[in-house]
Amino acid sequence: MSGSDRPADTADLVRLTAAQTAAAIAAGDVSAVEVAEAHLDRIAAVDDKVHAFLHVDRDGALAQAKRVDAGEVRGPLAGVPLALKDVIVTKGVPTTAGSRILEGWRPPYDATIVDRMRAAGIVVLGKTNMDEFAMGSSTEHSAYGPTHNPWDLGRTPGGSGGGSSAAVASYQAPLGIGTDTGGSIRQPAAVTGTVGAKPTYGGVSRYGLIAFSSSLDQAGPCARTVLDAALLHAVIGGHDPLDSTSIDAPVPDIVTAARSAEVVGLRIGVVSQFKGDGYQPGVLARFDEAVAALEKLGAEIVEVSCPHFDYALPAYYLIAPSEASSNLARYDAMRYGLRVGDDGAAGAEEVMAATRDAGFGDEVKRRIILGTYALSAGYYDAYYGQAQKVRTLIARDFAAAFEQVDVLVSPTTPTTAFSLGERVDDPMAMYLADLCTIPSNLYGGPALSVPCGLSPDDGLPVGFQVMAPVQADERMYRVAAAVEVALGTDRILEGAPTL
Amino acid sequence: MTTTTPATSFGPNSYEGTLERYDAVLGLETHVELGTATKLFCGCSTVFGAEPNTQVCPVCLGLPGSLPVTNAKAIDYTVRIGLALNCSIASWCRFARKNYFYPDMPKNYQVSQYDEPLCVDGYLDVPVPGRAETYRVLIERVHLEEDTGKSLHVGGATGRIHGATHSLVDYNRAGIPLVEIVTRPLVGTGPDAAAIARAYVTELRDLLRGLGVSDVRMEQGSLRCDVNVSLMPRGSSEFGTRSETKNVNSLRSVERAVRFEVERQGAVLDAGDRVVQETRHFHEDSGTTSSGRSKEEAQDYRYFPEPDLVPLAPDAAWVEQLRAELPEPPGAQRARFAEANGFATLDIEQMTNAGVLDLVAETIAAGAPPAKARGWWLGYLVGRANEAGVEASELAITAAQVARISALEDDGTLTNKLARQVADAVIAGEGEPDAVIDAHGWKVAGEDELVAAVDAAIAGQPDAAEKVRGGNQGAVGPLVGAVMKATGGSADAKRARELILERLTG
């Protein structure tokens with residue numbers, strides 16, 4: 001970056017993409033500490049409105065930035081700030097998973113992806129808000145209050161990773177980490193006008209990701225551009241011996257794919273199940289335009305039916321709560337976190353019960369009860385067992401589809417951002433926000449959301465979802481990059497109101 | 001036949017009497033802590049006896065975000081056990097989560113195996129004292145799971161949770177690999193139910209030790225048994241309601257627990273009551289069991305496949321390689337041992353039954369002649385163990401110490417009586433044999449001391465001396481007694497007798 005391109009003041013530093021930021025630091029145009037301070041200042045200026053962060057780690061961020069400036073770490077994202085979803089454990093830094101039950105807990109270890117980001121010189125600014133234990137689609141189920149959508153502070157930023165997406169959308173960080181169990185990276189990306197990718201299951205280590213549903217959870221990148229997402233994905237991805245379910249193979253060449261926008265001859269399948277009733281007309285309009293743009297770029301468009309996708313939501317709401325009911329059993333006041341009712345007379349079981357009653361919110365309790373029921377003797381076959389069969393059928397739908405096409409596409413979520421309070425008391429309405437994102441989690445393949453414009457009916461961002469076969473993550477980056485280039489949506493946030 | 005169980009009356013409510021009217025059906029679930037250097041799902045040490053909560057990490061503490069990675073050695077050991085027990089090895093199976101809340105379980109679920117065990121359908125042929133034929137125990141399954149932590153309940157009288165004021169938890173044990181070996185119901189045991197239960201656990205222990213997969217120390221809990229017992233009227237084929245006696249931690253206790261449950265359940269059934277299906281606790285001191293939690297309301301463990309672990313798929317060629325590496329089974333090992341040391345089958349049976357076969361072998365290895373080694377254990381130390389109410393292996397004396405004492409006896413340094421005194425002193429914790437001898441000044445009286453004592457005895461008992469002179473050899477006894485008394489028992493009685501006869505008749 002030459003002198004004339006140098007940002008006029010530090011306020012402009014926060015508007016750079018991750019790739020630009022890293023390049024500026026590497027060129028010596030700006031220091032990593034200056035970049036970190038600019039973002040910390042931005043957080044101080046706007047986050048009381050957005051409430052993206054639960055904890056800002058100023059000291060840790062500046063210490064890491066100094067290491068970058070001292071030349072101790074290099075790499076394509078060295079010195080780039082990042083907002084970390086509070087479901088990823090960080091040594092010595094509070095980690096709550098959005099729950100009261102973990103309030104005050106400072107983990108004694110770092111997640112694998114935290115180690116990898118530190119080694120890559122990424123500067124973690126702090127921990128971001130989320131629905132409690134990643135259960136929700138609006139970030140309203142956080143025990144620490146909701147996050148607001150930077151496009152309209154009266155609306156939700158989606159969820160569960162609303163904090164990371166809102167932070168990225170409001171220029172508090174160019175990068176974020178989310179986790180996606182049924183859409184928790186992609187749906188917030190869609191409604192905040194940002195990019196969010198769920199890698200292939202097993203493509204990114206889960207060691208240190210506080211489990212919601214082990215067979216579905218996957219960490220992934222949040223960013224303002226497809227390239228930035230790919231760069232971050234490349235840093236955190238790859239085999240981890242600490243995670244048995246981690247894939248022992250190289251990460252697909254996603255960065256090259258994101259730099260290319262080449263879709264000539266690519267066969268793109270439009271999922272016929274994801275349209276019609278319940279879909280906001282403006283969302284479908286923008287989606288159709290994006291499909292038309294891809295066709296114009298030389299892609300071949302095919303309509304593909306995935307009949308079992310209709311059963312994905314109910315199957316998901318048996319499998320995920322079943323695993324959650326077991327994963328969340330460890331929060332019992334015995335070793336860490338909240339402890340309630342330990343008056344010296346109460347037995348361990350009473351303390352456990354009182355703590356869990358006080359420490360978990362309603363949505364978490366709802367899912368624990370649901371999952372406990374689904375795994376119970378006499379009901380297991382009808383619920384958990386049946387859901388696993390549906391999961392197999394959905395995977396077969398994907399397999400059959402990928403014999404015809406290279407990727408599948410759909411709207412990321414049926415509507416644009418909904419208002420705070422609108423669905424919080426209506427679980428079914430809330431669950432529908434993940435209608436289009438859940439199939440990829442059940443299948444295990446990668447999926448990504450890229451902005452495809454603003455809905456004409458409300459002026460809010462619309463997300464375009466690209467789903468690819470297992471371990472073909474590069475395909476979704478290629479298609480997403482084409483959408484971004486064709487529609488110019490890497491600049492969509494310029495249309496957001498000034499905070 | 002068993003030397004370790006106190007004799008009971010042979011009345012109608014005795015164990016023997018009960019088994020004349022009822023058939024016992026047994027089930028044994030044996031938990032074996034594997035001897036891997038590290039835990040099942042993390043790299044923490046498994047060494048026994050460390051300071052509480054020093055061998056822990058995020059994984060075995062179940063901290064949020066942590067994930068298990070299976071220890072390949074534990075799979076290897078489990079497959080070896082399955083093969084040695086003649087099981088089929090699954091070509092594909094999964095771990096499962098067993099969900100229940102307990103403070104010593106870090107995740108409030110235990111990673112175990114449920115409907116897909118690693119090894120199934122095997123058997124173990126067990127030699128039973130007094131039976132010409134071995135008894136074939138059918139093995140239903142062998143599976144791998146993680147151990148829990150250990151609770152210490154403080155402030156109560158019993159050490160159990162009931163009545164305790166607080167509890168301490170040590171997670172060092174949490175995550176240690178545990179193999180569970182489950183038998184099919186043992187039927188047709190007739191009057192030998194308790195003996196067969198003990199013989200099975202003994203044989204299993206020897207087999208596991210031979211495999212080198214566990215140190216199988218029952219007193220440290222690395223081998224522990226749950227004993228299921230039910231009774232049905234003689235000739236019936238419909239099993240009765242069973243009790244499950246937990247954590248029976250010695251061979252002797254296995255036998256006693258079966259005996260007690262047979263007697264108890266017989267009395268319940270005779271009174272026209274029904275046996276309650278429940279967990280029971282075994283009390284080492286009294287040899288009795290008492291009611292634990294009732295299992296009438298069966299706990300629902302909500303098993304489901306562990307999603308954090310990939311399925312196990314042992315490679316067939318690897319399994320065959322392990323099969324080829326199996327060591328000699330305990331029966332063949334015993335036959336070879338008998339042959340090498342000139343023992344008869346009955347000797348082996350007696351030593352096995354008394355639980356001293358390994359101790360005898362170790363004593364021989366430490367240099368003692370086989371007959372002496374056998375004599376020391378069977379002829380003396382087993383009796384001491386019985387008096388103390390412990391297993392011979394739990395006596396505080398090592399095979400090497402026994403061999404040393406035996407050698408000192410053989411070279412005339414100690415009389416047999418002194419040698420036993422030395423053994424007792426070693427067991428009492430007084431130190432090594434040589435140190436004990438020095439401390440007490442125990443040694444065979446020297447010739448000079450002996451001659452002086454003999455002269456003093458003759459002078460002191462002129463009447464007895466006269467009788468001996470007169471040819472009454474039976475009168476020599478009191479004189480020898482006086483010599484022994486004068487030398488504090490350290491005299492060689494045979495030599496004293498020779499000297500007295502020399503003096504009076506020579």
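Guide: Two residues are taken to be in contact when their C-beta atoms, placed from the backbone, lie within 7 Å. On that basis, the contact between the chains of this predicted model draws 33 residues from chain A and 26 residues from chain B. The side of chain B that touches chain A consists, by class, of 15 nonpolar, six polar and five charged residues.

Chain B itself has 506 residues, of which 44% are buried. Its C-alpha trace spans about 95 × 55 × 55 Å along the principal axes, and the chain holds 16 helices and 14 strands. Of the contacts in chain B between residues at least 6 apart in sequence, 69% link residues at least 24 apart.

Asn86(B) follows α2(B) and has a positive phi, near 60°.

Nine positions of the helix may be listed by name: Ala74(B), Tyr77(B), Thr78(B), Val79(B), Arg80(B), Ile81(B), Gly82(B), Leu83(B) and Ala84(B) are buried. The partners of the buried residues of α2(B) include both strands and helices of chain B: they pack against β2 (88–89), β5 (119–126), β6 (135–146) and β9 (177–183), as well as α3 and α5.

The packing on α5(B), residues 316–324, can be described in detail. From α2(B), the contact is made by Val79(B), Arg80(B) and Leu83(B); from α5(B), by Val319(B), Leu322(B) and Arg323(B). By class, this contact has four nonpolar and two charged residues, and no polar ones.

The largest nonpolar core has 237 residues, among which Leu82(A), Ala480(A) and Ala197(B) touch the most other members. Helix α3 of chain B, residues 193–211, supplies the largest share of this core, eleven residues. Leaving aside residues up to four places away in sequence, Ala197(B) touches Leu26(B), Leu28(B), Val227(B), Val254(B), Glu255(B) and Val258(B).

Terms used
Residues numbered from 1 in each chain as written. Chains lettered and ligands numbered in written order. Predicted model: local features only at pLDDT ≥ 70, side-chain atom pairs only at ≥ 80, totals over all residues. Core = buried A, V, L, I, M, F, W, Y, C linked by C-beta atoms within 7 Å. Buried ≥ 20, exposed ≤ 12 C-beta atoms within 10 Å, placed from the backbone. Helix = DSSP H or I, 4+ residues; strand = E, 2+ residues; numbered from the N terminus. Nonpolar A, V, L, I, M, F, W, Y, C, P; charged D, E, K, R; others polar.
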